[in-house]
Amino acid sequence: MEKIIRAFLPGADVASLAPLGEGIINTTFSVSDADGKRYVIQKVNTNVFPDPYSVMENTANVTDWMRKRLAEEGKCFDRCVPLFLQTEEGDYLYRTPEGGFWRCSRLIEGATAHVHVTDPALLYNAGKGYGEFVRLTDGFPAGTLTEVLPDFHNTKKRFQAFLEAVEKDVAGRAREVDREIHYLKEREELAGSIVAMLESGELPLRVTHNDTKLSNVLLDDVTGEAVCVIDLDTVMPGTVLYDFGDAIRSGAASAAEDEPKLDRMNFVSENCKAFKEGFLEACGEILVPAEVNNLMLGARVIVYEQAMRFLTDYLNGDTYYKTLFPGHNLIRARTQIRLFSQIPE
Ligand code: GN1
Ligand code: MG
């Protein structure tokens, strides 16, 4: 770890290294330098992101664009756009002899990644934060971004992968989850809905974040206002419906995605309304009617997709998401199905 940290921060206090966040893909720590300034040190999960260089190239291009936008508007961007450090060689990644890829960014102080909030005012702020991301990236040539995870939110392909997992049943778990499989299969037509609108051109292609859970927008510890959208690994071309939908998935949920007591997971319409209000306040003028009118379709499709992704991983023997116990992915799949069932059409 010392070598990795020193690659970015020659004067860092290695003893200050501490685990950070609750991501279930990458491995994340915080570390301080000699002046007490804090940084995020992160190992990129290359099983999930086989091309970490493209991930960093996408991130650098999009964040540079956002900083430029804010500078043109005379606004400060210090706290509101993630800043990655380079090694002495000018790289955003440090490769260990074992083949691990690490990166380092400035830690944004005085702001928190909330996994869960109950106050609609905070949801409104989170909505504004993600809406601001849409506004700031508007005009960026989305087609120039590398699709680091091809078909990430192609729900139709997710459905096919799910069917395949059921068919193969490598972990011998399919019988036990027959009800869940049936529920998701019955709703197949939903899987193709957004894909079709993108293909027909009804929905414009934009820069999308693709992992807009509540904890990926930092809220200021004092004012509660959105400070910065983080975790740009999955920034790719897509539709705004994905990002709105994924934000509702955690923002308008009454419990964590892995809450074992299923009846604690409910859709909170008041929070959904608040998020949507903040979101549209920030970017409503940029969106075309087909986007504004289908935001809730985005929520339904993404929650449905996520249920399918968790169940697929469960059926595949837990190979994708980090799990803490054997039924973890099943619990996750069940909370998503329950949440999905409550989102209004
Ligand atoms: C993964 O690791 P994290 O929490 O940033 C996943 C998201 C899921 C999320 C569910 C690259 O994100 O798509 O919505 O877990 N990211 C990837 O918790 O698959
Ligand atoms: Mg993520």
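Modeller: A polar contact is a pair of N or O atoms within 3.5 Å; within protein, one must be able to donate a hydrogen and the other to accept it, and residues adjacent in sequence count only if both atoms are side-chain atoms. Here an oxygen atom of ligand 1 is 2.8 Å from an N or O atom in the side chain of D211. For D231, the distance from a side-chain N or O atom to an oxygen atom of ligand 1 is 3.2 Å. Q306 has a polar side-chain atom 2.8 Å from an oxygen atom of ligand 1.

Colleague: How much of ligand 1 does the protein bury?

Modeller: Accessible areas come from the Shrake-Rupley method with a 1.4 Å probe; for residues, only the protein chains shown count as cover. Ligand 1 taken alone exposes 440 Å², and the protein buries 95% of that.

This is a predicted model, in which local features need pLDDT of at least 70, side-chain atom pairs count only at pLDDT 80 or more, and totals for chains, interfaces and linings use all residues. Residues are numbered from 1 along each chain as its sequence is written, chains are lettered from A and ligands numbered from 1 in the order in which they are written, and side-chain values use heavy atoms, with hydrogens and water left out.

Colleague: How many residues surround ligand 1?

Modeller: A residue counts as near if one of its heavy atoms lies within 4 Å of the molecule. Ligand 1 is surrounded by 18 residues, and D211, K213, E257, Q306 and Y320 are the closest.

Colleague: Which domains supply the shell around ligand 1?

Modeller: Domain bounds come from an automatic or database domain assignment. Domain 1 (2-108) and domain 2 (120-342) each give at least three residues to this shell.

Colleague: Where does the second largest pocket lie?

Modeller: Because domain 1 (2-108) and domain 2 (120-342) both give residues to its lining, the second largest pocket lies between them.
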